[in-house]
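Please look over the model shown here and work through the questions on its pockets and its packing.

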Amino acid sequence: MERGGWKRTLALVMVLVGTYAEALFSRHMDDFIEAVKQVEEGSPGSEPIAVLRTLRQSAGLDTKASLSAYISEAVAHRVTESSEEEGVVLTSDGTTVALAPVLLGIEAGLRGKATGRVRTGSLYQLTLGKDLESAAVTHRLGPDGCWDSITAPRVFTLLPYLPDSLPLLTAAQVNGGMDGVLLGVEVSAKSRRATKLSGLLTEYYSRQLGSEGLDGAPKIISRRRRENFKALLVPQMLERQLVRLVELHRRLKGRPTMDAKKKKQLTRVVKERIKEFVRTYMDCPPIIPRCMWGAEPYRGTPTNLSLPLSFMYIHHTHTPSQPCLTFQQCSADMRSMQRFHQEDRGWDDIGYSFVAGSDGNIYEGRGWLQRGAHTLGHNSIGYGVSFIGDYSATLPSQHAMGLVRDQLASCAVAGGRLVANFTVHGHRQVVNTSCPGDTLYNEIRGWAHYGEVKK
């Protein structure tokens, strides 16, 4: 880009901070994309890589930083002493993403396409490597968190974690790292047509789902990040790279080379941490915490479960009767059900342990540890999992059923919350009800863990 173009671009960023202050103060991906559009419009014809370089410099991700208030606050990552995570944005799918690794991954992919050399391993190192290496060695995978508002998010506060030190790898960093790798690979494909950076981010983060939900959605969208990253990841490759990074950092600090015994110990620790990383962020489904869907507090004192449990009880909500296809609608449905359970039925909280939307998320009800109010007489021995919608005559999306049948269940077993030989029952098998609807009940009878009730 010509020098004058750079000046116009950076000047425009500063103008945006003042003119669009209210909109740009929001830490939502849609607002960040709008800022990117304004940068692009201020320098017509600029290649995406030039726009990325501008954003990176403005955010202090480059030694030749040009400070811009909004870009810096939106992109530069840190965790404060008060557990507020900066440099992250809320996306339309309900997840929180660190922007820096996303932008770095896209830039690396574009540069690789130009040179004809793109290596997935290099993308791992660029977007996840340093932080994942630290987390792997120190056993500290950080937590998720909650926004102060989902309509105009400004402050993201991490959920409680071990208080001795700040986490080295948060869920937002993992999400951003995975997205950076996936988008880097995507833009590096020779067959992919050129597109503006704002268009790429919109396609990935703001795709609207049709009536089929994720069953009819494109493959490369943020709602599919976990399954896409899992398909791309080679754990053994990542393990070797992390061990090499540790060795490199030791040499840079002037420390002696590890002997064979210490290297073997390090390799074993890294392997265990990568296993935990894969289980947490790829094998388990995305679970939206209560604070993110706007839950009211539990009324009274909850009763803790005695784990592991032996059953999973499948429900449908019946009302709401339609599948929810967005984070916003699913969250509204969760609040509606909680109000009904608390106000009309007089329960302490929403009855279900977890609820499956058709937007690609599982929603936390009473969660893994607290006894629910979902299956009369059986609440202390099993989790109650409901699908939003009426499934008397139709089925949930295949993707939504897979989240429960495969991912939530296996996550529960791996985490010691369900026994390995747990049994799936439909609500109607143990209570006089039509729930979970004829069509869904007939479907779950074919699930591997389905069992008849013993008389």
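The questions below take up the pockets, then a serine, then the nonpolar cores.

This is a predicted model, in which local features need pLDDT of at least 70 and side-chain atom pairs count only at pLDDT 80 or more, while totals for chains, interfaces and linings use all residues. Residues are numbered from 1 along each chain as its sequence is written, and side-chain values use heavy atoms, with hydrogens and water left out.

Q: Which helix gives the largest share of the lining of the largest pocket?
A: A pocket here is an open set of points on a 1 Å grid over the protein atoms alone, where a 1.4 Å probe fits, with protein on both sides within 12 Å along at least five of seven lines, and lining residues have an atom within 4 Å of a point. The largest pocket holds about 990 Å³ of space, and its 32 lining residues include Pro143, Asp144, Thr280, Ile287 and Trp368 as those nearest the centre. Helix 8 (171–188), helix 12 (260–283) and strand 7 (287–288) each supply at least two lining residues. The largest share, four residues, comes from helix 12.

Q: How many residues of the lining of the second largest pocket are charged?
A: The second largest pocket has a volume of about 510 Å³, and 24 residues line it, with His341, Arg345, Trp347, Tyr352 and His427 closest to its centre. Asp, Glu, Lys and Arg count as charged, Ala, Val, Leu, Ile, Met, Phe, Trp, Tyr, Cys and Pro as nonpolar, and the others, Gly among them, as polar. On that division the lining has nine nonpolar residues, 14 polar ones and, as charged, one.

Q: Which side chain makes a polar contact of 3.2 Å with that of Ser206?
A: Ser206 sits in the loop between helix 9 (197–205) and helix 10 (225–232). A polar contact is a pair of N or O atoms within 3.5 Å, where one must be able to donate a hydrogen and the other to accept it, and residues adjacent in sequence count only if both atoms are side-chain atoms. The side chain joined to Ser206 by such a contact, at 3.2 Å, is that of Asp30.

Q: How many residues are in the largest nonpolar core?
A: A nonpolar core is a set of buried Ala, Val, Leu, Ile, Met, Phe, Trp, Tyr and Cys residues joined through side-chain atoms within 4.5 Å, buried meaning under 20% relative accessible area with a 1.4 Å probe and protein chains only. In the largest core, Phe32, Ile106, Leu197, Leu201, Phe229 and Phe277 touch the most other members, and the number of residues is 46.

Terms used
Points joined across faces, edges and corners; volume = space filled by probe spheres on them. Buried < 20%, exposed > 50% of the residue type's maximum accessible area, 1.4 Å probe, protein only.
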